[in-house]
Amino acid sequence: MYRVMLVEDEALVRNSMAENVAWAEYGFELSAICEDGRQAISKLNIELPDVVITDICMPFMDGLELARYICEHYPSVLVLVLTGFNEFAYAQQAIKLHVYDYILKPVSLKELGTILFNLRLELDRRYEETQRLVKLKSEALHAAPVLRNKYFYELTAQSADTNWALEAAERNGISFCGDTFAACIAEVDDMPAARSALAGAARELLYFVVFNIAAEIAQTMPGCFAAQLGGRKTLLVISGS
């Protein structure tokens, strides 16, 4: 469920909204109730809600000041403001503060329910977008070693053009140091009784160990890279001046 903080200085309105709104039916949990903006700010770090519903006219710190603070410090939190009809100018200011929506008082349960329903859709959309970005980032991280291996394989398998080599290196996040290079290839040979499953597994393990040793060496200095070339070959490249 998404978390809601309610900020309202009028006890009657505050209690009515807290007790009469079916928060759970819309996918929300009322996690904090505050009497003014100052109290809300003191609880934001602790509660970290997804949504803040705040009145505009309150003592100590009004809803616009609170909205401004949230916009600057918690930009992912959605803010809804409660406003009276004669406070519409304040609502216009709230829109400039990237407030998600405003609710005209007195608010009916039906109207608030519609707003919460739409708010839930927006939060779901944001969550799905975040998950998509996380998945893309994860896929990119997993793809990076594969692309790097492919680059070094192409670099060693043929007489590569210098411009291509430098441009492709930059695309794959490979930064050589200086203009002097040393390279070595370690290849795991066939082991006795290579046809046996045990020997084959031992050979694969040795290949894995050799590559990991090369990768550890590569991490100790800039311009040094390890790659798997296929055919149980490990490449270690050192560049410098």
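Visitor: Where is T54 placed in this structure?

Guide: In this predicted model, T54 lies in strand β3, which covers residues 51-55.

Visitor: What makes T54 count as buried?

Guide: The relative accessibility of T54 is 1%. Buried means under 20% relative accessible area, and T54 therefore counts as buried.

Visitor: Which residues does T54 touch, not counting residues up to four places away in sequence?

Guide: T54 touches V7, G63, L66, V79, L80, V81 and L82. A touch here means heavy atoms within 4.5 Å.

Visitor: Is I56 buried or exposed, and how do you know?

Guide: I56 is found in the loop between β3 and α3. Its relative accessible area is 1%, and the limit for buried is under 20%, so I56 is buried. In sequence, I56 and G84 are 28 residues apart, and their C-alpha atoms are 8.5 Å apart in space.

Visitor: Why are helices α2 and α3 called roughly parallel?

Guide: Two packed helices are described by the angle between their axes and the distance between the axes. Helix α2 (residues 37-47) and helix α3 (residues 63-73) pack at about 20 degrees, with axes 9 Å apart. Angles under 35 degrees count as roughly parallel, and α2 and α3 are therefore described in that way. The crossing in which α2 passes α3 is right-handed.

Visitor: Which residues meet where α2 and α3 are in contact?

Guide: From α2 come G37, A40, I41 and L44, and these meet L66, Y69 and I70 of α3. By class, this contact has six nonpolar residues, one polar residue and no charged residues.

Visitor: How many disulfides does the structure hold, and how do you know?

Guide: A disulfide is a covalent bond between the sulfur atoms of two cysteines. The structure holds zero disulfides. The cysteine sulfur nearest to that of C177 belongs to C224 and is 9.6 Å away. A disulfide requires sulfur atoms within 2.5 Å, so C177 is in no disulfide.

Visitor: What makes C177 and C184 partly exposed?

Guide: The relative accessible area of C177 is 28%, and that of C184 is 41%. Partly exposed describes values between the buried limit, under 20%, and the exposed limit, over 50%. C177 is therefore partly exposed, and so is C184.

Note on methods:
Residues numbered from 1 in each chain as written. Predicted model: local features only at pLDDT ≥ 70, side-chain atom pairs only at ≥ 80, totals over all residues. Heavy atoms only, no water. Buried < 20%, exposed > 50% of the residue type's maximum accessible area, 1.4 Å probe, protein only. Axes fitted to C-alpha atoms, helices over the stretch in contact; angles between N-to-C directions. Helix = DSSP H or I, 4+ residues; strand = E, 2+ residues; numbered from the N terminus. Parallel < 35°, antiparallel > 145°, perpendicular 65-115°, else oblique. Left-handed = near helix turned anticlockwise from the far one by under 90°. Nonpolar A, V, L, I, M, F, W, Y, C, P; charged D, E, K, R; others polar.
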